Amino acid sequence: MLSEVQLESSHDDDVQQQEEQQQHWPKKSSSAESAIMPRVNKARAATLKRPRRKVVKRTIDSLPLTEEEAGDDTELLLGFSVKQRKSGHHLIRDPHCRAPKVALAFFLLVCSIGGYQGFNDYWSNRAILSSSSSISNEADVSEEAFDLEHRETLLHVPTSETDISNIEDTPVVLFNENIEVPWQLSGLANVFEEPYDPEKNKLYLWTIPRCGSTSIRRIASHCLGLTMASEAGKGDVGGDSLQVVEGNGMKYVNVDMSNPNGIAHAKELGVGGWNKVDMVSSSYLYDGAGIFDPDHKGYMIAMFRHPIERAVSLFYNLKSNKAYAEQMVTLSTVEQYSRSSLVENNWMTRFLSNSLSGELTPEHEAIAKEVLRTKCIIGLLQEKAESMRRLEMLFDVKAEKSQRRYDCQEKLWYWDWPGKNRHEQVLESSEAWNRLYEQNSFDIRLYEYARELFKAQGKLFQTSVTEE
């Protein structure tokens, strides 16, 4: 039996012989040549290992400890110098290795400063919000409060009976600041501070579509005999002087208050200060208010209705209006109308804040509420009897008193009002209701605010009731 040394020597000889043969083999060989080539046993070839290079492994401990051992090689492997190892500062690298650590330290310093500043801003803002909530009695301000669909949390909303009873003395607050009424409405009287004086004031009916405003105009002109400045005179506009025209059972002035150009012309003629005009009516609140002056202020009144009910009524009114026949031919349901370009978007808020286009913000809503609080006598279509009782107190100053008047007034107000149409109501939470709600979310909150104002304004009409 061969010894282990002999086997190993024989194995090395075979490997050397195989390597010499491979050097003479061509890179590519034909099938004939491959047949005569020596074949190496696969099992044996698998055991062959490529000889390793001679590598000297050095560790930190094997490095020379003295300068004599290091010789001229003062900068050793891994960046350690002999002096540094000798002094015990072997963790300090050479200048080339220090740069990343300096950059890292600077980065951590910047992050620390930024984190501190952000933390400080967070607590400062939180303190401001807490202070704002305690001063204005607002609901807790949260992240959702800044969403367009929940803007009411940014405004001062009465939460108790005391707040509601004193709502006329509570300015609308936004972001802890009182909202001011735009200067363009300075020609309108403050209804809580300036009692109505027919010698100085003219009733100014702000017309909201499908809220009973047309009935108010008819009652004032046909039943009470008041002279109107409205769109009724657009067919008689002309000349450089004001004239009272009688026709169709009413008296009106030769001006057109249905558009800004007509209002501007009426202002030039001085309709706001003319003593023969008893009532002015227009949908353009800001343009119409411009015809008045400090000596002849307008006394604003308006009728309100739930915005969704108003939108549904407007849909059926447009269906029967020949002027909109082509546009309404494809809109057979309220839901289709709510998806169309004809549907209104927060009509009241836009006209009260003088923002007829663009996106509405909490500021527009706050302005609209403050205008109603200070400048408007509220009437509710849902409270027809009480609303008419209050308006009668204003009308009676100049209106004729007769049985014909009361019969006419009752007919137009309760059972034969203009534009009357019977239609089905939209169910709450239906698809049509939800879409109309999205289009009128500002107006719905404004309507709820108007209802509270209606309750508070009852005290303005209590004295006259007692005297009667």
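Predicted model: local features only at pLDDT ≥ 70, side-chain atom pairs only at ≥ 80, totals over all residues.

Visitor: Which residues of E3 are on which side?

Guide: Lys202, Tyr204 and Trp206 are on one side, with Leu203 and Leu205 on the other. Both faces are covered, and all of these residues are buried.

Visitor: And which way do E3 and E8 pair, parallel or antiparallel?

Guide: Parallel, over four bridges. Lys202 has Gly298 as its bridge partner in E8.

Visitor: What about E3 and E7?

Guide: Those two run parallel as well, joined by four bridges. There, Trp206 is bridged to Ser282 in E7.

Visitor: What holds strands together in general?

Guide: Strands of a sheet pair through backbone hydrogen bonds, in either a parallel or an antiparallel way.

Visitor: OK, zoom out. What's the strand order in the sheet?

Guide: The order is E5-E6-E4-E7-E3-E8-E9, which makes an open sheet of seven strands with mixed pairing. Strand E5 (244-247) and strand E9 (376-380) are at the edges; each has a single partner strand, so one side of each has no neighbour in the sheet. From one strand to the next, the twist averages 30°.

Visitor: How do E5 and E6 run?

Guide: Antiparallel, with four bridges joining E5 to strand E6, residues 250-253. Val244 is opposite Val253 in E6.

Visitor: Which strands does helix H8 lie across?

Guide: Helix H8 (residues 213-223) lies across E3, E4, E6, E7 and E8, and it runs at about 150° to E3. Helix H15, residues 362-375, packs on the sheet too, where it touches E8 and E9. The direction of H15 makes about 100° with that of E9.

Visitor: Changing topic: Ser387. Buried or exposed?

Guide: Buried: its relative accessibility is 2%, and the cut-off for that label is under 20%. Ser387 is in helix H16 (residues 384-395).

Visitor: What is Ser387 in contact with?

Guide: Leaving aside neighbours within four places in sequence, the contacts of Ser387 are Met303, Gly379, Leu380 and Phe454.

Visitor: I always check backbone angles. Which residue has a positive phi of about 70°?

Guide: Asn176, although it is not a glycine. You'll find Asn176 in the loop between strand E1 (173-174) and strand E2 (177-178). Asn176 is partly exposed, with 35% relative accessible area. Arg210 is not a glycine either, and has a positive phi of about 60°. Look for Arg210 in the loop between E3 and H8.

Visitor: Last bit, some totals. How many helices and strands are there?

Guide: The protein has 20 helices and nine strands. Of its 468 residues, 39% count as buried.

How values were computed:
Residues numbered from 1 in each chain as written. Heavy atoms only, no water. Buried < 20%, exposed > 50% of the residue type's maximum accessible area, 1.4 Å probe, protein only. Pairing = 2+ DSSP bridges. Axes fitted to C-alpha atoms, helices over the stretch in contact; angles between N-to-C directions. Contact = heavy atoms within 4.5 Å.
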